[in-house]
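The points below are meant to be read with the model open.

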Amino acid sequence: MTVETEHSRKYDAIRAEFPGVVTKGFECDVGWLPILREFFSVVRRMIPAGRERDFVLLQVKEKLAGLRIYFRLADSLPDAAKAAIYDDYSVAEARAAVTCEVCGQPGVFRSQNGWLLTRCEDHAEGGIPVPPPEAT
Ligand SMILES: [Zn+2]
C-alpha cells in the first residue's frame with residue numbers, strides 16, 4: 001500500500017467522521033492524523049449540529065516542521081467555544097512538534113538539507129536534531 005493510498009484512506013475516514021467540519025484536504029503526513037482527529041472532535045463538540053458554517057476550515061498543512069490549521073470562527077460563537085477550539089489548536093501544535101509526521105511515534109525537530117522536519121529516529125533520513133524554531 002502506498003503512502004498516498006494510506007493517507008487518502010485515513011483522510012476519508014476523518015472527513016466522514018466530521019461531515020461539514022473537515023472540508024479541506026490535509027497537506028501533512030499520516031503520523032499527525034490522530035492529532036487532527038482529536039482537534040476536529042473538539043471542534044465538533046463546540047459547534048452545534050446544523051451550525052457547521054460557524055467553523056470554516058481554510059487549510060491544514062505542515063510548515064517549518066510544525067502543524068498548522070488555518071480556520072475561521074463565526075463571531076456569533078460563544079466565547080467559551082472559541083476558547084476551547086483555540087486551546088485545542090495550541091495542544092495540537094504542541095503535540096505535533098514532538099510527533100513524527102510519518103508514523104506518529106515520538107519525534108524531534110530535525111534539519112535535513114535545509115528543510116525542517118519533525119521525525120522519529122526511524123524516519124530521520126539523515127536529518128540532524130535541532131532546537132525547535134521558537135527557541136532559536
Ligand atoms: Zn517515524
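In which loop is the place of Asn 113? Asn 113 sits in the loop between β4 and β5; the numbered points start from there.

1. Basis of the note. This is a predicted model, in which local features need pLDDT of at least 70 and side-chain atom pairs count only at pLDDT 80 or more, while totals for chains, interfaces and linings use all residues. Residues are numbered from 1 along each chain as its sequence is written, and side-chain values use heavy atoms, with hydrogens and water left out.

2. Overall make-up. The protein chain has three helices and six strands. Helices (H or I, at least four residues) and strands (E, at least two) are DSSP runs, numbered from the N terminus. Read from the N terminus, the order of elements is α-β-α-β-β-α-β-β-β.

3. Asn 113 is not a glycine, yet has a positive phi of about 50°. Asn 113 counts as exposed because its relative accessibility is 75%. On this scale, buried means under 20% relative accessible area, exposed over 50%, and partly exposed in between (1.4 Å probe, protein chains only). Glu 125, also not a glycine, has a positive phi of about 45°. The loop between β5 and β6 holds Glu 125, which is exposed at 62% relative accessibility.

4. The zinc site. Four residues coordinate the zinc ion, at 2.0 to 2.3 Å: Cys 100 (SG), Cys 103 (SG), Cys 120 (SG) and His 123 (ND1). Donors are N, O and S atoms within 2.8 Å of the metal (3.2 Å for Na, K and Ca); water is not among the atoms, so sites may look incomplete. The arrangement is tetrahedral because the four donor atoms subtend angles of 100 to 114° around the zinc ion. Four donors count as tetrahedral if all angles lie between 85 and 135 degrees.

5. Spacing of the donors. Along the sequence, the donor residues of the zinc ion follow the pattern C-x2-C-x16-C-x2-H. The pair Cys 103 and Cys 120, 17 residues apart, links distant parts of the chain. Cys 103 lies in the loop between α3 (79-96) and β4 (108-112), and Cys 120 in the loop between β5 (115-119) and β6 (128-129). Cys 103 is partly exposed, at 31% relative accessibility, whereas Cys 120 is buried, at 6% relative accessible area.

6. Gln 112. Is Gln 112 buried or exposed? With a relative accessible area of 17%, Gln 112 is buried; its place is in strand β4. A polar atom of the Gln 112 side chain lies 2.8 Å from the backbone oxygen of Glu 125. Leaving out residues up to four places away in sequence, Gln 112 touches Leu 117, Ala 124, Glu 125 and Gly 127, where contact means heavy atoms within 4.5 Å.

7. The nonpolar core. In soluble globular proteins, nonpolar side chains tend to be buried together. Here the largest nonpolar core has 29 residues, and those with the most contacts inside it are Phe 26, Phe 40, Phe 55 and Leu 67. Such a core is a set of buried Ala, Val, Leu, Ile, Met, Phe, Trp, Tyr and Cys residues joined through side-chain atoms within 4.5 Å. At least two residues of this core come from each of α1 (3-17), α2 (33-46), β2 (55-63), β3 (66-73) and α3. Helix α2 gives the most, with six residues.

8. Beyond four places in sequence, the residues touched by Phe 40 include Phe 18, Val 21, Phe 26 and Val 60. Val 60 belongs to strand β2 and is buried at 0% relative accessibility. Among its contacts, again beyond four places, are Leu 36, Phe 40 and Arg 68. Leu 36, in helix α2, is buried with a relative accessible area of 0%.

9. Dimensions and burial. Along its principal axes the C-alpha trace spans about 50 × 40 × 20 Å. Of the 136 residues, 41% count as buried. Among contacts between residues at least 6 apart in sequence, 38% join residues at least 24 apart.

Note on methods:
Tetrahedral: all angles 85-135°; square planar, octahedral: opposite > 155°, others 65-115°. Polar contact = N/O pair within 3.5 Å; in protein donor to acceptor, adjacent residues only side chain to side chain.
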